[in-house]
Amino acid sequence: MAKLKSVVELEAYRQDLQSGQDPHWPVVRVCLGPGCLAQGADKVARAFKTAIKSKRLKVEVKPLVKETGCQGFCSQGTLVTLSPSNLFYVQVKPEDVPEIVDVTLGRGEVLERLLYSDNGARYRSAGEIPFYKRQQKIILKNVGLIDPLDLHDALRAGAYQSLAKALSGMSAKEIIQTITISGLRGRGGGGFPTGYKWRRALETTQDNPGEVYIVGNGDEGDPGAFMDRAIMEGDPHTVLEGMAIGAYALGARQGYIYVRAEYPFAIRTLNLAIEQARRLGLLGKNILGAGFDFDIQINRGAGAFVCGEETALLASIEGRVGEPVMRPPFPVERGLWDRPTVINNVETWANVPHIIDKGAKWYANLGVANSTGTKIFSLVGKVKNSGLVEVPMGITLGGIVEEIGGGVPGQDRFKAVQTGGPSGGIIPYEFKEMPTDELKLDKVGLQPRGFLPVEFKDLPVDFDSLVRVGSIMGSGGMIVMDDHDCVVDVARYFLRFLQEESCGKCLPCRLGLKGMKEFLDRFSKGQGAREDIDALESLGKALMDGSLCGLGRTAPNPVLTSIRYFKDEYLAHIVDHKCPAGVCRDLITYSINPETCNGCGLCVKNCPEACISGKKKKAHAIDAAACIRCGACQDVCPVDAVRVA
Amino acid sequence: MKKSQKTIESILAGYPRHPQNLIGLLQDVQAEYNYISPEHLALICDHVGAPLTQAWSVATFYKSFSLEPRGEHEIKVCLGTTCHLKGGNRLVETCERDLGVARGQTTEDLRFTLDTVNCLGSCALAPVVMVDEDYLGGANIRSLKKRLSKLE
């Protein structure tokens, strides 16, 4: 494979690849996204390869098996898409593969039992399923379609044509202008305008000539978010291309992608993609003969949440402890090795090729004013359809959770949605009447009543609306909670998380989080007084004002929003000594419903305190005094006889 | 545990002598030897030209590094938000009781290391436990115990 020396050569090469592949050639696409992989998708893919190789399959052309990135519908994994028929099989197990190969690939018949069905309807292709119907896939367009380990497959799907467009006639100013007009805002959480950032970096370099660096932030640390992982593992070239375009506009010669250590597969995929791009002359010296040099290096994170913060991330790339520093100066003024550095989230970089390709106006028309484009969310928790979804900005919360997510499974009631991870808030699903004194909380973003939608399910999901209700977009995790989830417990969970992850450099964050958690520890035991809630709120506000970096400044959000919207639940803990959701251990008791218990004895076997007794095949009972409320009995009970009160 | 194949010298040789490579080298040594011994830490410092204090602070700041040998099998219980809501805590406690170690610790016979992680990105299958390289999705106490017993 020789290096491509011009844009014309790239297009000729692409045409060759495209015409070399018959569009009717059968392809089996097995999803190897994080969700499917955890359900054994690799074994499904292997089974397909073996079965297709076997002599029994009597077809003219043997189907191609592609291992793709995330196809999105994680709760239905392993997902398999067949083309050209477009059939979409869900919950595929390795045992199903020989039958699929015989019946569908061999005889062209549909295996009804593997189709997705809901409310009596069966769906043949993914596009018809409600989960996919309301999505608009732009960034994820090729994720799940192409083989991420094969640059040729990416080229067939159009990779690097935007870079070619930029190189063959767009000036730096024009590129930055395009990004600015598109309205693209940072996808990592803060929502800072990307075009502005680029322009500042360019201005700084003009004043102070020398190196400028480009960084992709793939340190996706928010628990419950995996969209960056899906992009890096499913379509790595779109990130590389976006960064190359940025580098060309800014005159950068070196880029870095910082990927968290927990994503070894993303690291491997990106490294391979970089290697392949270099071999074709799409990275490296004199890219496409345009006299532009740019290369990318992967830096592996080492397990520190704070490294998602940009200044900490840069310190980590330099080989130091990942502690944030005061801003300003911002990285665009003084970043890596004190040189201007543009750092964007990998999802932001993945937007760039699409904007260059289709234009700023096209992009600005997607979504809503001030929040343009689409956003990828990971929709998880107590929701029927969970997975990765890409929707236009401004879609309502209800649109995501009910129409795409299919609501809460079973009889449970929908309670709240948590967005933005540990930096975000807990938003109630149904509108809550708030006492007027609550409206004084302007500091955390609460606006006068008129701004709030009557129902939170009508809340548009965009950068500014989420801030208005006290949360943030964050990287895009969306965790659905039902009646069995306790907001005090969730707030305490996030504080535990943040306290562990705080780097400890500044006092407000180091001690403030500890102090906040102590309040919640007591609340969860039913201790404390009403005034403690106010004290907790004011401590939270002190953290917001005094902390050095975004970790500490946003850390109180989960607590403050939960107090604002679920004060009754706090009072239930403190005043009534009850946990209405049945979660906080010190406030609940376990008992066995004698009518449902069949006396199987599994709970007795698994109780670590040996405090369950009963005769075989007769109803059992728990000795509440000895019970440590570990919940093991409830977990193992096959007939759901263990009750919590 | 895989057998140590790469020598420390060959790992060092893969990196230019620059303090920027401190973290990369620590990661490679951790991956190869399962921990970073005092001798290796000193060799890395010499190679990249960083003071031992810096290497020490880096090695203790980041969670991926261990200065003590880790177990043959690594059990990572996910405590991401979704796993937390769906009972991840019960699973860690089960492991703690069964293995007789607290989270973050290694059994005395160096067979098991029990850890918690903040999100494996497989939230749709919560709660999730990783046993070495394998995922256990939609885990409960029984399936976890069954999986652990297979290791012994």
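Trainee: In chain A, strand E13 (residues 374–381) and strand E17 (residues 477–482) are paired; in which sense do they run, and over how many bridges?

Mentor: Strands of a sheet pair through backbone hydrogen bonds, either parallel or antiparallel. In this predicted model, E13 and E17 of chain A pair in the parallel sense, over four bridges. One such pairing sets A:Gly381 against A:Val480 in E17(A).

Trainee: To which sheet do these strands belong, and in what order do its strands stand?

Mentor: They belong to an open sheet of five strands in chain A, ordered E14-E13-E17-E15-E16, and its pairing is mixed. At the edges are strand E14 (387–392) and strand E16 (425–428) of chain A, each of which pairs on one side only. From one strand to the next, the twist averages 30°.

Trainee: What is the order of the four-stranded open sheet in chain A, and is its pairing parallel or mixed?

Mentor: The order is E9-E8-E7-E10 in chain A, with parallel pairing. E9 and strand E10 (341–345) of chain A each have a single partner strand, so one side of each has no neighbour in the sheet. Here the twist from one strand to the next averages 20°.

Trainee: How many bridges join E8 and E9 of chain A, and which residues do these strands cover?

Mentor: Strand E8 of chain A spans residues 254–259 and strand E9 of chain A spans residues 295–300; six bridges join the two, which run parallel. Opposite A:Tyr256 in this pairing stands A:Gln297 of E9(A), while A:Val259 has A:Arg300 of E9(A) as its bridge partner.

Trainee: How should I read the packing of H12(A) with helix H10 (residues 227–234) of chain A?

Mentor: Two packed helices are described by the angle between their axes and the distance between the axes. For H10(A) and H12(A), the axes come within 8 Å and cross at roughly 35°. The crossing is left-handed.

Trainee: Which residues meet where H10(A) and H12(A) are in contact?

Mentor: From H10(A) come A:Arg229, A:Met232 and A:Glu233; from H12(A) come A:Phe265, A:Ala266, A:Thr269 and A:Leu270. By class, the residues of this contact are four nonpolar, one polar and two charged.

Trainee: Let us turn to the loops. Where are the cis peptide bonds at A:Thr78 and A:Pro84 placed?

Mentor: The bond joining A:Gly77 and A:Thr78 is cis, with omega of about 0°, and A:Thr78 is in the loop between strand E2 (64–68) and strand E3 (80–83) of chain A. The bond from A:Ser83 to A:Pro84 is also cis, with omega near 10°; A:Pro84 is in the loop between E3 and strand E4 (87–89) of chain A.

Trainee: What is the phi of A:Asn119, and in which loop is A:Asn119 found?

Mentor: A:Asn119 has a positive phi of about 50°, although it is not a glycine. This residue is in the loop between strand E5 (116–118) and strand E6 (121–123) of chain A.

Trainee: Into which domains are chain A and chain B divided?

Mentor: The assignment for chain A gives domain 1 (23–130), domain 2 (151–365), domain 3 (375–574) and domain 4 (589–644). The centres of domain 1 and domain 4 of chain A are separated by 42 Å over C-alpha atoms. Chain B has domain 1 (8–61) and domain 2 (73–151), whose C-alpha centres lie 29 Å apart.

Trainee: What secondary structure does chain B have, and in what order do its elements run?

Mentor: Chain B has seven helices and four strands. From the N terminus on, the order is α-α-α-α-β-α-α-β-β-β-α.

Trainee: How many residues of chain B are in contact with chain A?

Mentor: The contact involves 38 residues of chain B and 42 residues of chain A. The elements of chain B that give two or more residues to this side are helix H2 (22–33), helix H4 (52–61), helix H5 (81–85), helix H6 (88–99) and helix H7 (141–151). By class, the side of chain B touching chain A has 17 nonpolar, 16 polar and five charged residues.

Definitions and conventions: Residues numbered from 1 in each chain as written. Chains lettered and ligands numbered in written order. Predicted model: local features only at pLDDT ≥ 70, side-chain atom pairs only at ≥ 80, totals over all residues. Domains from an automatic or database assignment. Contact = placed C-beta atoms within 7 Å. Nonpolar A, V, L, I, M, F, W, Y, C, P; charged D, E, K, R; others polar. Pairing = 2+ DSSP bridges. Axes fitted to C-alpha atoms, helices over the stretch in contact; angles between N-to-C directions. Left-handed = near helix turned anticlockwise from the far one by under 90°.
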